[in-house]
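Here is a quick tour of how this chain packs. Have the sequence and the 3D view open while you read.

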Amino acid sequence: MNTAYPAVPVRFDDRLARLIGIPIVGFLVPLLFFGNTLDDGLMVYVPIWLISTLQTLVYWEGNRFIFMQTRRRFPLVTQTRPRIALLVGLSLTYTLLMCRLLRYGVNLFFPTRQTERVTITEEYVGCFVPLIVCLALYESIYYFRQLQAALLESEKLKKENLQSQLETLKNQVNPHFLFNSLNTPWPPLFPTMPS
């Protein structure tokens, strides 16, 4: 089977995943990576959550766009390596750039938020969590849809092959074939010995 079969359009409705995933990741990132807690109550945490959710939205949607564009550029299964290489390169560049810009914007618009206590390493780790979640989700779905398409194509080819063999057998059992086979002279059962 040829592994360069055309890519199946992977159309899936990810609105629910984005609607639920972005706020959840936005809620968890400050707790897991930036040392924030809920000790002071949820109302104190809400502004941090909103800022983190906004940042997660920017990372998620930007990387989703990059994924969709690289998938259009390299849709075939045989192009998986170049697609992932380009995807990782563009996504890392985008995420690092947006991480710096968003930090600057947060410091500009929310000067009371103490971003100085967050190290650059912690910030980059926090930036890459939405990137990893987003890319893992989309690449996994794309890969498994391609695998499913390949299996369906393989089954289709097997079915067509069996159908072709069945047609060949039907033609051999055809009465004209049998009649012609019976009219063919048969070799003698006991050949005569030369004298």
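## Ground rules

This is a predicted model, so to speak of local features a pLDDT of at least 70 is needed, side-chain atom pairs count only at pLDDT 80 or more, and totals for chains, interfaces and linings use all residues. Residues are numbered from 1 along each chain as its sequence is written, and side-chain values use heavy atoms, with hydrogens and water left out.

## Overall layout

Helices here are DSSP runs of H or I with at least four residues, strands are runs of E with at least two, and both are numbered from the N terminus.

Of the 195 residues, 29% count as buried. Buried means under 20% relative accessible area, exposed means over 50%, and partly exposed is in between, using a 1.4 Å probe and protein chains only. Take the contacts between residues at least 6 apart in sequence: 74% of them join residues at least 24 apart. A contact is a pair with heavy atoms within 4.5 Å.

## Helix 1 against helix 2

Two packed helices are described by the angle between their axes and the distance between the axes. For helix 1 (residues 15-33) and helix 2, the axes come within 7 Å and cross at roughly 125°. That makes the pair oblique. Axes are lines fitted to C-alpha atoms, for helices over the stretch in contact, with angles from 0 to 180 degrees between N-to-C directions. Angles under 35 degrees count as roughly parallel, over 145 as roughly antiparallel, 65 to 115 as roughly perpendicular, and the rest as oblique.

Helix 1 passes helix 2 in a right-handed crossing; a crossing gets that label if the near helix is turned clockwise from the far one by less than a right angle, and is left-handed if anticlockwise. On the helix 1 side the contact includes R18, G21, I22, V25 and G26, and on the helix 2 side it includes W49, T56, W60, E61 and R64. The residues of this contact divide into 14 nonpolar, five polar and three charged. In that scheme Ala, Val, Leu, Ile, Met, Phe, Trp, Tyr, Cys and Pro are nonpolar, Asp, Glu, Lys and Arg are charged, and the others, Gly among them, are polar.

## Helix 2 against helix 3

The axes of helix 2 and helix 3 (residues 80-109) come within 10 Å and cross at roughly 155°, and the two helices are therefore roughly antiparallel. Helix 2 passes helix 3 in a right-handed crossing too.

Among the residues that meet here are V58, Y59, I66 and F67 from helix 2, and L87, Y94, T95, M98 and C99 from helix 3. By class, this contact has 13 nonpolar, six polar and two charged residues.

## Two cores

A nonpolar core is a set of buried Ala, Val, Leu, Ile, Met, Phe, Trp, Tyr and Cys residues joined through side-chain atoms within 4.5 Å. The largest one has 15 residues, of which W60, F67, L87 and Y138 touch the most other members. Helix 1, helix 2 and helix 4 each supply at least two residues of this core, and the largest share, six residues, comes from helix 4.

Leaving aside neighbours within four places in sequence, F67 is in contact with L87, Y138, E139 and Y142. A second, separate core of five residues includes Y59, M98, C99 and C127.

## Residues to click on

C127 is found in helix 4 (residues 120-173) and is buried, at a relative accessible area of 4%. Not counting residues up to four places away in sequence, C127 touches Y59, T95 and C99. C127 and C99 are 28 residues apart in sequence and 6.4 Å apart C-alpha to C-alpha.

T56 lies in helix 2 (residues 42-73) and is buried as well, at 2%. Beyond its neighbours within four places in sequence, T56 is in contact with I22, V25, G26 and P130. T56 and P130 are 74 residues apart along the chain, with their C-alpha atoms separated by 6.0 Å.
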